[in-house]
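I opened this notebook to keep track of what I looked up, one topic at a time. The entries are meant for someone who has not seen the structure before.

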Amino acid sequence: MTIKKISLIFIAIIGVILLFGSADYKSSNLLGEILAICSAIFYSIYLLTMFELRKYMSSRSIVFYNAIITAIILLPIAFIYDMDILPNTLNSFLAIIALAIFTQILGHGSMTYALKYINATLASTTSLARPIVSILLGYIILNQNITFNQIIGAMIILSSIYFYYKNNSFKK
């Protein structure tokens, strides 16, 4: 990886900071942003693991085992903390089914499938655009305002991704 590419990744991260950063930090905002950074680190590890597994397994098998292992880990935690994990209304049940279909099967399944055809660097770098989608959905669905810093941050992220991959192959 060249210095130019490393610089563009850091520039994209600055764009992410502009997307979510604000002048009126509260401890709850800071905690949320620290958790978001931790999430990004774990997602990068997840992508690299899926990239390696994809060499030996089908995307269906990976998504299936991922769901099983996650359930094995999270169910005891739910019972230890006495969490009410079963839906008690039809709407709650449908929401869980929708989450399973859209995030696990379609979301993770599509990403895992794509890792056979594109490199892990492309998959992880383009995932920097996820906060842009979150802000747009917040604007469309929740009528949240989009700030000037968010617009600048989005432009920085998209420009960084474009210049990172300009004249490069997306294949492995």
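**Ground rules.** I noted that this is a predicted model, in which local features need pLDDT of at least 70 and side-chain atom pairs count only at pLDDT 80 or more, while totals for chains, interfaces and linings use all residues. Residues are numbered from 1 along each chain as its sequence is written, and side-chain values use heavy atoms, with hydrogens and water left out.

**Nonpolar cores.** I looked for nonpolar cores, meaning sets of buried Ala, Val, Leu, Ile, Met, Phe, Trp, Tyr and Cys residues joined through side-chain atoms within 4.5 Å; buried stands for under 20% relative accessible area, exposed for over 50% and partly exposed for in between, with a 1.4 Å probe and protein chains only. The largest core has 14 residues, and those with the most contacts inside it are Leu19, Leu128, Ile132, Ile157, Ile161 and Tyr165. Helix 1 (3–20), helix 6 (130–142) and helix 7 (148–165) are the elements that give two or more residues to this core, and helix 7 supplies the largest share, five residues. Helices here are DSSP runs (H or I, at least four residues), numbered from the N terminus. Apart from this core I found another, of ten residues, among them Tyr46, Met50, Met111 and Ala123.

I then followed Leu19, taking contact to mean heavy atoms within 4.5 Å. Leaving aside neighbours within four places in sequence, Leu19 touches Pro131, Ile132, Ile135, Asn149, Gln150, Gly153, Ala154 and Ile157.

**Helix packing.** How do helix 1 and helix 7 run relative to each other? Their axes, which are lines fitted to C-alpha atoms over the stretch in contact, with angles from 0 to 180 degrees between N-to-C directions, come within 7 Å and cross at roughly 160 degrees. Helix 1 and helix 7 are therefore roughly antiparallel, a word used for angles over 145 degrees, just as roughly parallel is used for those under 35. On the helix 1 side, the residues in contact include Leu8, Ala12 and Leu19, and on the helix 7 side they include Gly153, Ile157 and Phe163.

Helix 1 also packs against helix 6, at an angle of about 20 degrees and with the axes 10 Å apart, so I wrote this pair down as roughly parallel. Here Val16, Leu19 and Phe20 of helix 1 meet Pro131, Ile132 and Ile135 of helix 6.

**Two single residues.** I found Thr112 in helix 4 (residues 90–114), where Thr112 is buried at 0% relative accessibility. Beyond neighbours within four places in sequence, Thr112 is in contact with Tyr46, Met50, Arg54, Ser59, Ile62 and Val63. Lys55 sits in the loop between helix 2 (27–53) and helix 3 (59–80), and is partly exposed at 47%. The C-alpha atoms of Lys55 and Leu115 are 9.0 Å apart, although 60 residues separate them along the chain.

**Aromatic rings.** Rings of Phe, Tyr and Trp (its six-membered ring) pair if their centres lie within 6.5 Å, with planes under 30 degrees apart counted as stacked, over 60 as edge-to-face and the rest as tilted. By this rule I noted four aromatic pairs. One of them, Phe64 with Tyr65, is edge-to-face, at 5.4 Å centre to centre and 70 degrees between the planes. Phe64 is partly exposed at 48%, and Tyr65 is partly exposed at 46%.

Definitions and conventions. Angles under 35 degrees count as roughly parallel, over 145 as roughly antiparallel, 65 to 115 as roughly perpendicular and the rest as oblique.
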